[in-house]
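I am opening a notebook page for this model. The entries below record what I looked up.

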Amino acid sequence: IRILANTGKSAEIQIADAVIEICGRYNVPLNTLCVDASGQGRGLADVIQLRSGNGFTPTKIYSTNVGTRNVKSFDTVISSAHDMWFTGRNFISHRQIFGLDALAYGQLHTRLIVEKGGKKLLEAKSDYKKRMGTISSVYGRSPDEADAAMLALQSAVLHYGFYPGQKLEVLRSMSEESRRYEMALQEYNSMNTPARTGMPKA
């Protein structure tokens, strides 16, 4: 989402308005939108609700340490980045996820699993950025696209009951919406694919 200067709107309002427009374009109910509430996202979710004017609040995902029980408070789902990424891995291994953009795919492919205190954990973002930055400045950035993909998957799990290995018939009525999605995805990839090719392997 592009943030513009001299619009009279703060960055948060510009992001909220853009998210509302995109969700409306693809008929996505705002309450099924999952937002990372670990930092500024928690406040942004409330801004989205206020700007939409329809009373729906995005689902807030609060990332905590691995092993914490996944529970839902009155407005927040508590999970860990490790659990969310491994949930995604299970869906990918069952060939249920396709069409990821180049950045998200590369980040999912290169973020390591490390052992700490006898536990296997997802590589810290700071370590990931440092390690990937030694390869190329193009890759030395936060894996935000992969995080966004995993949040989208959380929406499918929490709101629509999706689970690894599940098989559903694709409705013909969804074909036009799917075509619109694929066109938008291709446009995104053309604008965001790194200049260098050949994402390094972990």
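**Ser-136 and its surroundings**

I looked up the side chain of Ser-136 and found one of its polar atoms 3.1 Å from the backbone nitrogen of Val-138. I note that the model is predicted. I placed Ser-136 in the loop that runs between helix 5 (125-133) and helix 6 (144-160). Is Ser-136 buried or exposed? I read a relative accessible area of 8% for Ser-136, so I list this residue as buried, the cut-off being under 20%.

**Nonpolar core**

Next I asked which residues make up the largest nonpolar core. I list six residues: Ala-16, Val-19, Cys-23, Leu-30, Leu-44 and Ile-48. For this core I find at least two residues from each of helix 1 (11-25) and helix 2 (41-52). Helix 1 gives the most, with three residues.

Leaving out residues up to four places away in sequence, I find Val-19 touching Ile-1, Leu-33 and Ile-48.

**Surface patch**

Which residues make the nonpolar surface patch of about 270 Å²? I wrote down Ile-1, Ile-3 and Ile-22. Ile-1 I had already noted as a contact of Val-19. I located Ile-22 in helix 1.

Terms used
Residues numbered from 1 in each chain as written. Predicted model: local features only at pLDDT ≥ 70, side-chain atom pairs only at ≥ 80, totals over all residues. Heavy atoms only, no water. Core = buried A, V, L, I, M, F, W, Y, C linked by side-chain atoms within 4.5 Å. Buried < 20%, exposed > 50% of the residue type's maximum accessible area, 1.4 Å probe, protein only. Helix = DSSP H or I, 4+ residues; strand = E, 2+ residues; numbered from the N terminus. Contact = heavy atoms within 4.5 Å. Polar contact = N/O pair within 3.5 Å; in protein donor to acceptor, adjacent residues only side chain to side chain. Patch = residues over 30% accessible without salt bridge, like charges linked within 9 Å, V, L, I, M, F, W, Y side chains within 5 Å. Areas by Shrake-Rupley, 256 points an atom, 1.4 Å probe, with all protein chains shown as cover. Salt bridge = Lys/Arg side-chain N within 4 Å of Asp/Glu carboxyl O.
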